[in-house]
Amino acid sequence: MADFLTEEEQAERIRQLWRDYGLTIVLALVLGIGGIIGWNFFQDHRAKVAQERADIFVDFETARGLLGPVEELAQDIEERYPNSSYQMFVLLYQAKDAVDEDNYELALEQLNGALELAKDKTFQSMIRMRKARVEFQLNKLDEALSTVGQVGAGYELLALELTGDIYRARGEIELAATAYTDALELSESFFDEQRIGSKLSSLPRTLEDDSESNSSS
């Protein structure tokens, strides 16, 4: 129908539409443009923060590699990015340092902090594996057994081996033998087979073993 309107009539219709909807159109344009600018600013800010986190963590790792002081860098990461994955890695490094110094209580504290920050299941299993080893060193055998029981995929062999170590320390020889045997079935390297096989063969003989040996003779 617009094809049949005169130029004056079309101009008047445009003016009427502008009077009726002009403010709405302007607001929509302003909000749309503002949203685009705001989103771009947000993305730029996120990229900047991510780069800052990465840079300070690289500085931390570089200082560690050069055996330089890292305490200030670690504290800076903790204060600025307390809930980040970088803080998790800092805690893991600190736990390793504590273990190297035989400070297992401090290592356990650092590993608990790292576990709280771990979102990925693989990292959770890795941290639990390390935590169980530290608990074992502290002779917290019940806690170590509970922790290693929560270790997930990818660490089955190591978890079974440590389970055997824990049962052996508790004097539960048959359970230790079962754990070592299960670990041996998962082993795919000569060194794993030798290490775990040695633990299995060195287990004290149980009364059941003695009775079977006597009956066979």
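Visitor: So what volume does the largest pocket have?
Guide: The largest pocket in this predicted model has a volume of about 280 Å³. A pocket here is an open set of points on a 1 Å grid over the protein atoms alone, where a 1.4 Å probe fits, with protein on both sides within 12 Å along at least five of seven lines. The volume is the space filled by probe spheres set on the points, which are joined across faces, edges and corners.
Visitor: How many residues line the largest pocket, and which lie nearest its centre?
Guide: There are 14 lining residues, with Leu92, Ala95, Lys96, Val99 and Arg130 nearest the centre; lining means having an atom within 4 Å of a point. Helices H3 (85–100), H4 (104–117) and H5 (121–137) each give two or more residues to that lining, and H3 supplies the largest share, six residues. Helices are DSSP runs (H or I, at least four residues), numbered from the N terminus.
Visitor: Any caveats on numbering or confidence?
Guide: Residues are numbered from 1 along each chain as its sequence is written, and side-chain values use heavy atoms, leaving out hydrogens and water. As the model is predicted, local features need pLDDT of at least 70 and side-chain atom pairs count only at pLDDT 80 or more, while totals for chains, interfaces and linings use all residues.
Visitor: Switching to H6, which residues are buried there?
Guide: Leu141, Ala144, Leu145, Thr147 and Val148 are buried in H6, where buried means under 20% relative accessible area, exposed over 50% and partly exposed in between (1.4 Å probe, protein chains only). Seen down the axis of H6, those residues fall within an arc of 165°, so they line one face of the helix. The arc is taken from the directions from the helix axis to the C-beta atoms.
Visitor: And what covers the buried residues of H6?
Guide: The cover includes H5 and H7, with contact meaning heavy atoms within 4.5 Å.
Visitor: What do the buried residues of H7 pack against?
Guide: They pack against H5, H6, H8 (173–186) and H9 (190–201). Among the buried residues of H7 are Leu157, Glu161, Asp165 and Tyr167.
Visitor: What about the loops: where is asparagine 139 found, and is it buried or exposed?
Guide: Asparagine 139 sits in the loop between H5 and H6 and is exposed, at 57% relative accessibility. Although not a glycine, asparagine 139 has a positive phi of about 65°.
Visitor: And aspartate 102, where is that found?
Guide: Aspartate 102 is in the loop between H3 and H4, with a positive phi of about 60°.
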